Structures are given as C-alpha cells and as structure tokens.
Amino acid sequence: MEPVSDPLGDSPDLALVVGGESVVERDEAIGLRPFLARVAREGGRVAFVSRAPLPPLESVLRGTDLPTDRTATVSRGEVGQGPPAPDLFVEAARRLGAEPWRCVALVEPGTWGEAARRAGCQILTLATAEEPASDSASVSAGEPRVESLARLSPARLHNLFFSPSKTLYCEVAVDLPVRRTYTYRVPAWLRATIRVGSMVRIPVVGRRTSGVVTRLSVFTEIPKRKIKSIERILTPEYWIAPDLLSLGGWMTEYYLGGPGETLSAIAFFGLHDETPRTERRLCLADPARWQDVPLDSDEERARRGLPDVTPRQREVVRFFLEELNEPIARSDLTRREGCSAGVIDILLRKGVLSERLASVERGDAYASPQPGEPAQRPLLLTPEQQSAFEPIRRAVESRRFETFLLDGITGSGKTEIYLQAIARALELRRQAIVLVPEISLTPQAVDRFRKRFGSRVGVYHSQLSRGQKYDLWRRIASGEVHILIGARSAVFAPFPNLGLIVVDEEHEHSYKQSDPAPRYHARDVAIWRARFARTPAVLGSATPSLESLFQAREGKFTRLRLANRVGGASLPDVRLIDMGAHVRDDRHTGSVSAPLREAIERRLERGEQSILFLNRRGFSNFVLCLACKTPIRCDHCDVATTWHKSIGKMMCHLCGDTKERPARCPHCEAPDPTPIGMGTQRIEEEVGALFPDARLLRIDLDTTRGKHGFLRLWERIEAGEADILLGTQMIAKGLHLERVTLVGVISADHALFLPDFRAAERAFAQLTQVAGRAGRMRQRGEVIVQTFVPQHYAIQRAVAHDSEGFRQQEFHMREMLRFPPHCRLLLARFKGANPRKVADRAARLGRLLRDAMARADEYRSLTVLGPAPSPIGRIQDETRWQILLRGTSPSLMRRLLSDALAVYEKDKGRAGVTLTLDMDPLDLL
C-alpha cells in the first residue's frame, strides 16, 4: 500500500494551482509573474486550470524561468458552458504529482473557489476591491485572502498552510441524511495517517457514526470550543480517491442527497473497519533439513539430527516435500492425507511442523480458468462489428471522453466488441468496468470474460459480503484485477487508470437506485465518471432507452448500429395468440394455449430447449371474494397480496408480510375466496402436468434466494439439466443459450396497464429481449406471444421487430405529453404514519413551490404537478403523497426546489413526515 505522510510536515516545495482566466488577466495588478519566478527559484511547481484555450496562460509562463517539467496546464475548452468543475483541480494536482489537499489553489471568490474547495485544495483567495486584504496574506479564522503577491514568498505561503505547529482540521461528510459537512479536529496521533478521502469514526449529537474526510485545512471559521475530535480512522489503508470524491460532489448536487450518504455508496465496502481474514496454516519448520533424506532410513535421519517419526508421520513430511512446503490449513491436511489431529500435534511438538498465520482471500464463487489453460482467442469481427468497434478503439487509444450508444439487435455480437475494446485498454495499461443490470446476468458474463482475460477479472455485486468486497479491493489495489464486472455499484470501482466503462443492457431500470439515497442512475453516473477520467463510455442494448436515443439525436451520444445477427442467424419468427379468442371460441381456461403446447412438444421431441416467460412470481396474482368482488389486501400496504401455494401463505411483494389464506372473506364473510390470475408457481404446476417427463426449471426471486442461489441454477442450466426454463425477467435478457429455439410469453399484458407513462416502453423492451433468446445459432427460432390485447401498438411493433416504428410513435406521444425524454422530472415524495399530516406537508411544499415560481420569471418554464396521493397510497403503514416538478433544465428545477425547501425546512411541524427527493425518477408508483 502507498505510504501516508504527515500532511503538515514534509516537502517544503510549493504546489500551486492558479485557477481561472481572471487571475491571469490580473497578472500585473497582483504581481503574478514575479511570484511565479520566485516559485521556480525555490523549487516549487505550478499548474494553471482554465476553461479557456491555453495560449493566454502560456504567455504568463514566458519570462518566469519555470521549467517545463514543473508546470502543467489543464483546460477543457468549455468557455461559457457552466461553472468550472472540481476535476480540473484534481487533474492539475495529478500532473504536479501531488494530492489535491497538498496543493494551494490561487483563485478568485465565487465558482472557481468553490470548485477548488470541492476538489479538496487549500484555498488562497484573491481579495476583491470590496474585500481588501494584506499583501502578505491575511490570516483570519477563515481561509486567507491576498490582494498582492509582491511580498509573499513561496516558503511563507507553504508554511501558512502546512506548518507542523498548526492545528489540523477536517471537514467530514457524515453518513446521515444531511446536506452539509461538519468540522472536526484531527488529533496529533492521527496527523501522519489521515488524508482527504479517509473514512473516520466521529461523534455526532450524542452518538457515534461514520463519515468521509472531504477537506484538510489549518483554517476554520467554527469557534474552536465547539469543535470535537475525530476518534479513529476506519481501514486506514483505504481511502476514496480524488476522482471519486469529485464524482461524489457531482452526485450530491445532481441527485439532491447528503454528501455522506453519497460517499458511503461510493466507498467500495462501505464506511466500515475491515481487516484481512487470517487462519493458521501448517508447513515444515525447516524444509532444507529434510531435503534428500530417505525418510524410511532411521539411521540417516539420526545421523542428520532429525527427530524420529512414525510411518504415518513420514507420510505427512513427504506430503510437504512434494508440495514444495506450501502452507495448508489443518482441516485441509487431515482431509487430503487422512491423518488424525493427534499426528499433527505430535509433529508440532517435535518441531517438525510449524503453524503460522496467513491471510485468506474471501473470493467469489464464480469459476476461473485452471492454471495453464489457454485464453480464449478473440473472434473475427464481421464488417458491421468492425465499423462499430473502430470509433471505440480510437477513443480508447486517444484517451478521449465520448459516449457511444451501441444499438444492436439481440445476437448481433455486442459482447465481442466490449471484449476487444477492453483488450485494447489493457494493452495500454488501463482498467475497465463492465456493468450488468442484475446478478442473474453475471455468471455467463464472468465466464466469458474470464475465459478471455483470466484472473484479471473481478466480480462485484450486492450479495458479496463486506469481507469479500474488502479482499477484492486489495486485489485491485495490488494490480491483480484490471476488469470489474458487476451491478450498478461497480461503477465506483477504485481503478487508478480507468480506460473504458461499458454499461450493458443500458435501458434496464435496475440501474436506478430507488432507496436509500443517493437515488442515482448507474448509466448516468458511468457517463460522468468517464468524463472525469477522460475515457469512453459504451452503452449497449438491443432496446435502448428513449432517453439515450434522444441524447444521440441531440448529438451528445455517438450511435453505432448493429442490424444483423452474427454467424448467419436470423431473428425468430413471432406468432401472436389472441387469448381472448381462445377463451371465447375454445372455452380454453389454461395458461398454455394449444399452439404453445404443440410447439413445446416439438422441441422436446427434437431435444431442444424452450423458455417460458411470465413476469409474475407466486401462484396467483391475488385472492378474490366472488361474492363482494373484493381482493384480499395486505394489512400494511395498498396492494393485493399474492398467493404462494408452495409455502401455503399469502405474501405482499412490497413489504414482504405473509399471512394465512382466509377461509372467509374479511369484508362480507363469504366462504372460500378464490385465487385469481397466474404466477410462475402456477405455470410450473400446469406445465409439469402437461409434460410430466420434461425437466422443468423455474427461475424467479423465490428459487434464487440465498448468496449463490442463481449460480447453482445456472450450473444446472449449463450442465444441460433443463428442457424447459420458466421464469421472470431474470431469464429475459442477456443470456446466450444455444439450444433454445422456442420462447413462449405466457402473458404479454402485465406490464402494459401500470399507471406509468413508461409502461409501453417497458413492455416492448421485455418482449424484444425475451424473444431474442430464441434461435441465436443457425437454427431459426420461434416466439409465441399470448395476449388479451393483441391490437396494442407495443405488442404489434415487438411482433414485427419494428424498433424504429415503436420509437417514433413513443417519441411523438411523450412530446405531446411533455414527459421524458423531452422534459425532465424531479419527484418529491412524502411518507408518514399520519395521513392528514402527510397531506398537509405535501400541500405546504406545493404552495411554497408555486409562490417561488410566481416571484421569479426564470421559473416560468417549469410545471408543478400535484401534490397528489401516490398511485400506491400506503406502504408499510406509511401514507404516501408526491409532487412532480417538470422542466427542461435540471439545474433550474433543483434551484426552485432549494428555494422552497429553504422555507419548508424551517417549519416546526415537519416531524413525523419524511421527504425524499428523486431526480430523474423511474418509479412513480
């Protein structure tokens, strides 16, 4: 691990970052050029950061004698494109070979000062005419200000910030839902190990919690008597890197969360104190003495002074000699050699064996190539793939930020393009992140990537323990892992030299975190991280989100098309079954229609696999009283409970509460309420009765519970132990199964009738994705879609493989309704146990928002929708109301909300009502 030095005690050289064009424009007035000459003479280093082209900055360097190897210029060429970003200062510090907190930023007050502060730099502010200061840098309770640099020496400036005699303070983002940082004193015994990004334990209002250090400084405006000390550093060898701190600053601002909540999400294993796992391992105490000794010769052993060993003990010694004395756990030794614990204890007492503590890595459960197994060679790209790959390769090689939307039909070879782009990044000694929407896609992805790249591939998802995540971080820090595959939080992988980010199935809603805060979208965070790292981001999907397609239309994304399947495979034939007609004409009451049943039979006869898709788990959707037509509802939520026949319980899929199925209706006392609708359990029972000899495997949340639940099922699928796969959306996307030639959609209607403007888009994506599992090799696939609404445009377009037609129709409807992607949304949701109080608080914020809009013309382009009860009005005994802000400018929406919250949060009646904020919400229910 990199050693940590005292931030106040080493290196007298000054690292100075001059921030902004306006400082350079005041060159003569403040004596900038002579000061830079003094910096050069005293061995300091200087960087300029700017949003302007570089020549004006370079002109200042002329005549200062600053050597080129001790200067740097950082420019994004973004004049007029908003306030400066903290990553400018982070990049400048990197080029000077220093951490941001070891740099002094010379800036004017305002946006440049705020950017430098957020980057963690020490701040020297140029005083304005309204705020004059001494020409030798005033030292007050706050940050120093300077009017002229004429009599300020670099050594004086360095001592002003880094003198060992000064008290060191740190700003800490506390892991609580608060939108500010707190100031703490750094005890002397921690000065040598603390740094910006360190995780710390601190006291907060009578309790202890965790936080992240965001700044170190010897200045504070807080009265010293009010400042408490941090207690300790958590996992001292780990800290959040400056680029991730900058990303956290953007997330905090954009997603309206607390800075501590954001950094807790970014921390690779959370804000915890982790240590390596150790276990005692056995080995020969002095292996050299046993080399070339005939173990069966008592005389030779005695002549060499070796202890006497029994035949059983000799076998243990021989084992270690043959295994090159590799340390081994006691349990493994007894299992492999069949020896007793007594034999090992005797050898320890004789000094033949020794027992030592060794670190044990808590690895993942995914298979890795065997040592010596050759890596899988890259496949030959088709001309279409090559044309999509080339711009990505050029962006990787030139280290240029660009967002690519890889729009390729199912089976078109998107993954091979990812693999070859990552291979190029690795050749350039960089690292890569690959995001997949959920754990169900991880096994096959890991298998394919590890066959190509071996042990350099790591896996990260929510079902790993903290210890496993800590060990994975150690492998990343040591340079063993160069590629990380995982769900949304893998976007925060602490790679020091990131070369590529891939977001597979970018349209998936599981990339959006709903709870807890920060409510971020991993796709958008990936784009911003790529921007900070100056590296390309590749978004891949067969059904890109309308938001991403809109960005491509606007020229912000580069769209790459793949219109053909690789290997000569064709898109499957799709048949539409009108279930209403089947029920009416054939009196058919089962879930599997006659055409689907016959198609399954043909696959079973030919030894091929079938997939049956239904995005509803459980046995029946709800239990209904046929007398009063009332469903049995959850006692704590405003939803009907689902009948789970396998456990004999009714379950709420929102809060998880279970209860017995009532013998009588709780409303009218009518006997025996009836299960209505269907879930995967019911389909499993029905299909099992239709095809008793078929091997049926159900894959849903109920069958994949546990740490390795899906992995075990995947191993059975790979072993060919299933003829029919039945499941929810877990099997609808991303899987490449060569023997699957039939996909049956039991019901295409469930997603269509949710009270959500994205319902049609979700239904279209589901149908297209699950249909893409069929016929991925040369044999043509078949898809049978059962529906009661065959005339719906989303179903019609999916059956016809008409993605462009669906997108154009949906774009037009969204534009008329003024919904995303043409507008942006910000959701304010209120929750509480008292229904009247929740409604009152929602009404109060609604009035404040409209009052603020009435006072300022800039808000006229925004719309306030609500307050209104949420579509699901109660969850876990809490009433829910919501307000939607709609507009085209996210920053303007956030500013309006901040204006209203400044008054709202002063109200004393807020207790008992929780307000959560969600920028770009996907869950409006």
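Predicted model: local features only at pLDDT ≥ 70, side-chain atom pairs only at ≥ 80, totals over all residues.
Residues are numbered from 1 along each chain as its sequence is written.

**Overall form**

Along its principal axes, the C-alpha trace spans about 105 × 95 × 60 Å.

The chain has 29 helices and 37 strands. Both are DSSP runs, numbered from the N terminus: helices are H or I with at least four residues, strands are E with at least two.

Buried residues make up 55% of the 925. Buried means under 20% relative accessible area, exposed over 50%, and partly exposed in between (1.4 Å probe, protein chains only).

Take contacts between residues at least 6 apart in sequence: 74% join residues at least 24 apart. A contact means heavy atoms within 4.5 Å.

**Nonpolar cores**

In soluble globular proteins, nonpolar side chains tend to be buried together. A nonpolar core is a set of buried Ala, Val, Leu, Ile, Met, Phe, Trp, Tyr and Cys residues joined through side-chain atoms within 4.5 Å. The largest one here has 99 residues, and Phe-268 and Leu-845 have the most contacts inside it. Phe-268 touches residues including Tyr-238, Trp-473 and Phe-492.

**Helix H8**

Helix H8 covers residues 242-255 and reaches 20 Å from its first C-alpha to its last, close to the expected 20 Å. The expected span is 1.5 Å times one less than the number of residues. Of its 14 residues, 12 are buried, so H8 is largely enclosed by the rest of the structure. Trp-250 and Tyr-254 are among the buried ones. Just after H8, Leu-256 takes a positive phi of about 60°.

**Cysteines**

The structure holds zero disulfides. A disulfide is a pair of cysteine sulfur atoms within 2.5 Å.

| Cysteine | Closest cysteine sulfur | Sulfur distance | Relative accessibility |
|---|---|---|---|
| Cys-170 | Cys-121 | 17 Å | 1% |
| Cys-339 | Cys-283 | 15 Å | 6% |

For Cys-170, the gap is too far for a bond. Cys-170 is buried, and Cys-339 is buried too.

Definitions and conventions
Heavy atoms only, no water. Lists of a residue's contacts leave out its neighbours within four places in sequence.
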